[in-house]
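Look over the sequence and the model first, then read on.

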Amino acid sequence: MTVNPISALTGASMGPMLADDLVTGLIEAVMLEAREVGARIGCPIDETPAARVDVTRRLGDLEPSMLQDARAGRRSSSTR
């Protein structure tokens, strides 16, 4: 919901994305919105955006699947 589409839009893998304060701020803002929606529909999200970003950083400089699809000229499976 955050890293995959933003990676495809920016053309950046996770390392550069998460090293950029502006992009990380966008990711966290989207996570906060998802958290609010989840709370309203009875699916609370307890993890903070900052904690989730920290976990994601530990995965290293990966290329999310949507970025791989975009680079290969394929439509992402989530948009089919």
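Pro49 lies in helix H4, which spans residues 49–57. The model that shows this residue is a predicted one. The protein has 5 helices and 0 strands, and its order along the sequence reads α-α-α-α-α.

**Pro49 and its surroundings**

- Pro49 counts as buried because its relative accessibility is 9%, and the cut-off for buried is under 20%.
- Beyond its neighbours within four places in sequence, Pro49 is in contact with Glu28, Met31, Leu32 and Arg35.
- Leu32 is 17 residues away from Pro49 along the chain, yet the C-alpha atoms of the two are separated by 6.8 Å.

**The nonpolar core**

- The largest nonpolar core consists of 10 residues: Val3, Ile6, Ala12, Met14, Met17, Leu18, Val23, Ile27, Met31 and Val53.
- Helix H1 (3–10), helix H2 (14–19) and helix H3 (21–40) are the elements that each give two or more residues to this core.
- In soluble globular proteins, nonpolar side chains tend to be buried together.
- Met31, one of the core residues, is also among the contacts of Pro49.
- Val3, another member of the core, touches Met14, Met17, Thr56 and Pro64 when residues up to four places away in sequence are not counted.

**Helix H5**

- Which residues are buried in helix H5 (residues 65–72)? They are Met66, Leu67 and Asp69.
- These three sit on the same side of H5, because they cover an arc of only 160° around the axis.
- An α-helix has 3.6 residues a turn, so residues three or four places apart point the same way.
- H1 is included in what covers the buried residues of H5.
- Gly73 follows H5 and has a positive phi, near 75°.

**The protein as a whole**

- Along the principal axes, the C-alpha atoms fill a box of roughly 40 × 30 × 20 Å.
- The protein has 80 residues, and 29% of them count as buried.
- Among contacts with a separation of 6 or more, 52% come from residues 24 or more positions apart.

How values were computed
Residues numbered from 1 in each chain as written. Predicted model: local features only at pLDDT ≥ 70, side-chain atom pairs only at ≥ 80, totals over all residues. Heavy atoms only, no water. Helix = DSSP H or I, 4+ residues; strand = E, 2+ residues; numbered from the N terminus. Buried < 20%, exposed > 50% of the residue type's maximum accessible area, 1.4 Å probe, protein only. Contact = heavy atoms within 4.5 Å. Core = buried A, V, L, I, M, F, W, Y, C linked by side-chain atoms within 4.5 Å. Arc of directions from axis to C-beta.
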